[in-house]
Amino acid sequence: MAKSIDVSDLNIYYGDFLAVEDVTIPIAAKSVTAFIGPSGCGKSTFLRSLNRMHEVIRGARVEGKVLIDGQDLYGADMDPVNVRRMIGMVFQRPNPFPTMSIYDNVLAGQKLNSKRMKKSESDDIVERSLRSAGLWAEVKDRLDRPGSGLSGGQQQRLCIARAISVEPEILLMDEPCSALDPISTSVIEDLIHELKSQYTIVIVTHNMQQAARVSDETAFFNLSGVGKPGRLIEVGRTETIFSNPTDPATEAYIQGRFG
Amino acid sequence: MTSTLAPRRKRGTVVRAGDRIFSGLSTSAGILILLVLAGVAAFLTIEGVPGILANPDEVKSGQSFWPYVWPLVYGTLIAATVALIIATPVAVGVALFISHYSPRKLGQILGYLVDLLAAVPSVVYGLWGIQFLAPNMVPVYTWLEDNLGFVPFFAGPASATGRTIMTACIVLAVMILPIMTAICREIFLQTPRLHEEAALALGATRWEMARLAIFPYARSGIVSAAMLGLGRALGETLAVAMVLSVTAGTVTANLISSTNPSTIAANIALSFGEASGKTVNVLIASGLVLFVITFLVNFAARSVVDRRKEFSGAN
């Protein structure tokens, strides 16, 4: 089910502004890859280009290639809507649909595929997704309550359940724990470990310990200067990046020394 | 010392003059609106009750109050309802186009044009309705009668002048469109980006994003917009009075014939000039009925909005 991602020579533009320059990175199936780097270095933009969410902003475009198991993500026959159904995303702030119950939130993606489902079938999907997201035990008695009534950490796991209910190939996470307390964070990190067996996961994080804890590979992004595009400085096994990085900028960033 | 002078004031709080003036101003503004409302209600009741109680031979229509006012209530409700049914989808559609579909420049121009519609005086809408819309609607009504005559609304015989309640409804719909569009547009623009992105990231198309994220968030706003529109449609006087060809006392589901019920507001405007004695009280009483209807409609709308409060985007 999980697919690999192969990015080569990717430039991302907003209008005439080059936001991310020349990224080449292979991402293996069923692995966790963490993107780290200072704010504004383009890691979120790059993450969003992997399911074409950056196109929400007017004038956004890319040059280069993104291959998902060999299939060109930006090919002429690829509809961004289908891309996003294949590649799920979890955002920085939990964003369950406030007007929907927990149950309907989990099924939101399924309903878009406009399949008519039997009640038993949708019950199964809801339970399976919530169990995978580690939320089932906490909400099974109040599935009809609004999702916005949950705590922040629960809401974020609800969003993860919503993303995986459609069984995507790849799961993108944009700083999923930055709005959460340490306990909720650790629950979500455990969850990432479990989800790795089924999904290819890419996570953006500002928390270096988190990158070290959850990821197999780490990619370090940096800006060469103010107003300059963000670049991928180096990518490698997480242990290597954290213990023995090649680039001095990576070492400086990881050790908390900047500039 | 402070505690003896002002025992209820919390320790350590200082009341500043500016705060006191501002709170006084806003409180009196709030009380003023209540007074105005109470004044209008009192006037309508005091002047209206004699009209409600008047003998049939004391008034011009020769009818007692309830049989007299019922066709007017019916006409008012049906005109406002049909106008709302026509205007709501259009307003929501236009607002959605302006806020989420059109290029920003075009959206601004369109928004401006819609606002301009609100600035057209209702007498001009009346002229447009009677001179342009009514004659041009005649073929449509004939067609409706021939093809959809089995529906009570289009039973016919179709009016030859086009001055039907349906024409009045269309004019009303155009009149309430600007305010409804403007409110819907503002609400749609406030949809949190987070929710929109949540929908898009699930693989929603633009329309599905509207259904998943924008409409649920904007639900109460759309209801408010509809209520404001309905309020205006219920009370609109001149355009209806000009367009509609009235047969007194009609109560019919037929929207396209030449016998039409009048509305309360139009009836007051048309009859007031030559009314005297108890007839004036009857007209004022019909105004009281309109006042009550508007109140009830607003309460109903509020309860609709409140019922699913915890599911609203507010929390």
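Figure 1. Asp22(A) has 36% relative accessibility and so counts as partly exposed (buried is under 20% relative accessible area, exposed over 50%, partly exposed in between, with a 1.4 Å probe and protein chains only). This is a predicted model, in which local features need pLDDT of at least 70, side-chain atom pairs count only at pLDDT 80 or more, and totals for chains, interfaces and linings use all residues. Residues are numbered from 1 along each chain as its sequence is written, chains are lettered from A in the order in which they are written, and side-chain values use heavy atoms, with hydrogens and water left out. Look for Asp22(A) in strand E2 (residues 17–27) of chain A; strands are DSSP runs (E, at least two residues) and helices likewise (H or I, at least four), numbered from the N terminus. Its phi is positive, about 55 degrees, although Asp22(A) is not a glycine. Most residues other than glycine have a negative phi.

**Figure 2. Arg52(A), a buried residue in a loop.** Here the loop between helix H1 (43–49) and strand E4 (60–68) of chain A holds Arg52(A). Arg52(A) counts as buried, at 10% relative accessibility, and has a positive phi near 60 degrees.

**Figure 3. Where chain A meets chain B.** In this view, 27 residues of chain A are in contact (heavy atoms within 4.5 Å) with 26 residues of chain B. The rule finds two salt bridges across the interface (a side-chain nitrogen of Lys or Arg within 4 Å of a carboxyl oxygen of Asp or Glu). Arg48(A) forms a salt bridge with Glu197(B), with the closest N and O atoms 2.6 Å apart.
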